[in-house]
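These entries record what I looked up in the model, beginning with the ligand sites and ending with the overall fold.

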Amino acid sequence: MLKEPIAVLGGGAWGTALAIQLARSGRAVRLWARDPAHVAEMISDRENRRRLPGAAFPDSLQPEAELTAALADSRDVLIAVPSHAFRETLEALRANRPEGLRLAWATKGFEPGTGRLAEAVVAEVLGEGLPMAVLTGPTFAAEVGRGLPTAMTVASTDATFAADLADTLHGDHFRAYTSPDLIGAEVGGAVKNVIAIGAGVSDGLGFGANARVALITRGLAEMIRLGEALGGQRDTLTGLAGMGDLVLTCTDDQSRNRRFGLALASGKSVDEARAEIGLVEGAMAAAEVCRIGAGLGIEVPIAEQVHAMVDQGVPPLEAAEQLLRRERKPE
Ligand SMILES: NC(=O)C1=CN([C@@H]2O[C@H](COP(=O)(O)OP(=O)(O)OC[C@H]3O[C@@H](n4cnc5c(N)ncnc54)[C@H](OP(=O)(O)O)[C@@H]3O)[C@@H](O)[C@H]2O)C=CC1
Ligand SMILES: O=C(CO)COP(=O)(O)O
């Protein structure tokens, strides 16, 4: 087990839950958040009351307000900020780049506005050749914070880095599976959020269990088509990082993406739903899934209707009817 520190960048629910899980192994963890007042609260409370209340910090977890301090003795860095803040965080990291950097991220989404995968953004900002890993899978932060049984995927281009991360995360109630398929893992985590908005809308409109499962299954088909075309593997997309996370997010109200869909179906506007729920990655990713699909000549009909509702003001019932009116075709 590695004892050298790891820095977690991002003091949201997920950065905090992962920092706690990494620290449960006894490894030193520096948790950096951008707001010094928030960090001061975490230092005195020994928990993140703003974002993950009730999950006590293990002794080896140290909140940090200064990025330079968080990175001073950590060559392993895990980014857990939202996708819209990913590039900016990489740029801050570049300015303080540790010697021998190995970079992981737990962000789920494509870069808003460009549709780039996170690994492409990493290569652009930090250069090629860096050991990279994605932490993903069906993992609600609150449940990880409470120590409830969880399984996740650690996908990496570097087998040693994957093994080091998985060893640190793995524990009595936590199973970390390794994979070499970074792209499949990334696409699964980004696309499932879009489909979960659709599942929330469907349930909110009262469509029932048949429609929900039809969306999940046909959503998986969209995810696999897109993921394979981008270079990901089918096994990854039908595993924890793809189907697992898709089912979790489409079926449980802990999901913000699902709740956003429920809110739209109840008549709330996109802005009202966002204000109520906070971060909704799928609302940003829908346009990017459509952009990537169009570029590759791949059909993504569910993502298109989510994009229409979120970005073009199409009412939920009309979007659902568009999907139902599509031509009959072989499965
Ligand atoms: N929550 C979950 O269960 C899971 C989340 N994820 C993914 O993790 C990522 C983060 O989500 P989550 O932690 O839940 O989000 P939260 O909404 O809980 O928190 C977002 C955090 O990001 C911080 N942040 C926003 N912009 C910046 C920035 N420019 N620089 C630094 N920090 C910034 C916010 O800081 P501030 O508090 O100051 O606003 C906040 O602490 C998302 O991509 C999500 O899909 C993945 C798996 C599970
Ligand atoms: O990614 C998640 C669980 O795996 C969290 O999903 P939400 O962002 O929809 O809450």
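Entry 1. How do the residues of the shell around ligand 2 divide into nonpolar, polar and charged? I worked on a predicted model. I found three nonpolar, six polar and four charged residues in the shell around ligand 2.

Entry 2. I then listed the surroundings of ligand 2. There are 13 residues around this ligand, and K108, K192, D245, S255 and N257 are the closest. I also looked up which helices contribute. Both α11, residues 240-251, and α12, residues 256-265, supply at least two residues of the shell around ligand 2. The largest share comes from α11, with three residues.

Entry 3. I next went through polar contacts of ligand 2. In the side chain of D245, an N or O atom is 2.7 Å from an oxygen atom of ligand 2. For N257, a polar side-chain atom likewise lies 2.7 Å from an oxygen atom of the ligand. The backbone takes part through G137, where an N or O atom lies 3.1 Å from an oxygen atom of ligand 2. On its own, ligand 2 has 310 Å² of accessible area, and the protein covers 91% of it. I noted that the space taken by ligand 2 is the largest pocket.

Entry 4. I turned to ligand 1. Around ligand 1 there are 21 residues, and those that come nearest are A13, W14, A141, R256 and E281. By class, I recorded eleven nonpolar, four polar and six charged residues in the shell around ligand 1.

Entry 5. Which backbone atoms lie at oxygen atoms of ligand 1? For A141, a backbone N or O atom lies 2.8 Å from an oxygen atom of ligand 1. For W14, I read 2.9 Å between a backbone N or O atom and an oxygen atom of the ligand. For G11, the corresponding distance from a backbone N or O atom to an oxygen atom of ligand 1 is 3.5 Å. Taken alone, ligand 1 exposes 900 Å², of which the protein buries 88%. I noted that the space taken by ligand 1 is the largest pocket, as I had written for the space taken by ligand 2.

Entry 6. Along the principal axes, the C-alpha atoms fill a box of roughly 60 × 40 × 35 Å. I then compared the radius of gyration with the value for a compact globule. The protein chain has 19 Å, which agrees with a compact globule because one of 331 residues would have a radius of gyration near 20 Å.

How values were computed: Residues are numbered from 1 along each chain as its sequence is written. Chains are lettered from A and ligands numbered from 1 in the order in which they are written. This is a predicted model: local features need pLDDT of at least 70, side-chain atom pairs count only at pLDDT 80 or more; totals for chains, interfaces and linings use all residues. Side-chain values use heavy atoms; hydrogens and water are left out. A residue is near a molecule or strand if one of its heavy atoms lies within 4 Å of it. A polar contact is a pair of N or O atoms within 3.5 Å; within protein, one must be able to donate a hydrogen and the other to accept it, and residues adjacent in sequence count only if both atoms are side-chain atoms. Accessible areas come from the Shrake-Rupley method with a 1.4 Å probe; for residues, only the protein chains shown count as cover. On a 1 Å grid over the protein atoms alone, a cavity is a set of points where a 1.4 Å probe fits but cannot get out, and a pocket is an open set with protein on both sides within 12 Å along at least five of seven lines; lining residues have an atom within 4 Å of a point. A molecule sits in a cavity or pocket if more than half of its atoms lie within 2 Å of its grid points. Ala, Val, Leu, Ile, Met, Phe, Trp, Tyr, Cys and Pro count as nonpolar, Asp, Glu, Lys and Arg as charged, and the others, Gly among them, as polar. The radius of gyration is taken over C-alpha atoms; the globule rule is 2.2 Å times the number of residues to the power 0.38. Helices (H or I, at least four residues) and strands (E, at least two) are DSSP runs, numbered from the N terminus.
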